[in-house]
Amino acid sequence: MVATYQAWAHSVCAPLFWEEGKGQTHNGSMTLLRTDEQVLGITNAHVAEALAGCKDEDGYRCQVGGAYLDPNRLIAKHPSMDLATFRLSEVLLGQIGVLNDGTVGRGAIHQPATITKWPPVPPNEESAAMYGGYPGAYRSRLQDGNLQFGFFWFATKVQSVSGRNIGLVIDPNNSISLGKVKLESGADLGGWSGGPVFRVVEENSIERLEVSAIIYEYSADTGIVLAHPLTDLKADGTFSD
């Protein structure tokens, strides 16, 4: 079951990265979600703002996985939370491919998550949750020019829940990576902003994961992860006030 969850969690999250001139690469994470109206890419507003100046030119591109992401695909930013949505497409999904070892631009097609009840339901306090993303500290450039990312994810209990925040605490000893690198205690996880938080749902004796929140902040000193719930997200990618 853990291997199944790991593969599915990876399939609905892709590395989002951009350049500010040659040699200046930054990254975040993007959660993929299909609704009745759109294929959405969800990340943080601060990530959307950082890549706003990207263009389809060498040294200034923005990519989600192996696909070029036009900043004009932005649908909306939440008026008060650190959330932003992008309009994706079936063609773009087919270009996002990421291998199991995290190599960008070669491999499997990502499959966006779906939500059975709208809007997405946040996890309950003390309930089980899984979450992850692509920390920039574990990003490297291969000899062929491709970037390689490590997708790290965790399973833990939810520490706190409010209308704005889901609070979790990382235990590095329980991290799982799709690469061969073990997450170090106190590691810099900048770059996994935009990664998903999944609540564990059991219905009719069948257990599954459902996207419920998006990571936006992490403290290496305390191990506390903060995520925004998606209760304000509409099916068209806009947000309720």
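Me: What are the ground rules here?
Reply: The model is predicted, so local features need pLDDT of at least 70, side-chain atom pairs count only at pLDDT 80 or more, and totals for chains, interfaces and linings use all residues. Residues are numbered from 1 along each chain as its sequence is written, and side-chain values use heavy atoms, with hydrogens and water left out.

Me: How many aromatic pairs does a search of the whole structure find?
Reply: The search turns up 7. One of them is Tyr131 with Phe154.

Me: Why is the pair of Tyr131 and Phe154 called stacked?
Reply: Rings of Phe, Tyr and Trp (its six-membered ring) pair if their centres lie within 6.5 Å; planes under 30 degrees apart count as stacked, over 60 as edge-to-face and the rest as tilted. Here the centres are 5.6 Å apart and the planes make 25°, so the pair counts as stacked.

Me: What makes this pair a tie between parts of the chain?
Reply: Tyr131 is in strand E9 (residues 128-133) and Phe154 in strand E12 (residues 152-157), so the pair ties together parts that are 23 residues apart in sequence. Strands here are DSSP runs of at least two residues, marked E, and helices are H or I runs of at least four, numbered from the N terminus.

Me: And why is Tyr131 with Trp192 called tilted?
Reply: Their centres are 6.1 Å apart, with 50° between the planes.

Me: What is Gly132 in contact with, leaving aside neighbours within four places in sequence?
Reply: Its contacts (heavy atoms within 4.5 Å) include Phe151, Trp153, Trp192 and Ile215.

Me: What makes Lys55 a charge over the ring of Tyr60?
Reply: The rule wants NZ of Lys or CZ of Arg within 6 Å of the ring centre and within 35 degrees of the ring normal. The charged end of Lys55 is 5.4 Å from the centre of the Tyr60 ring, and sits over it.
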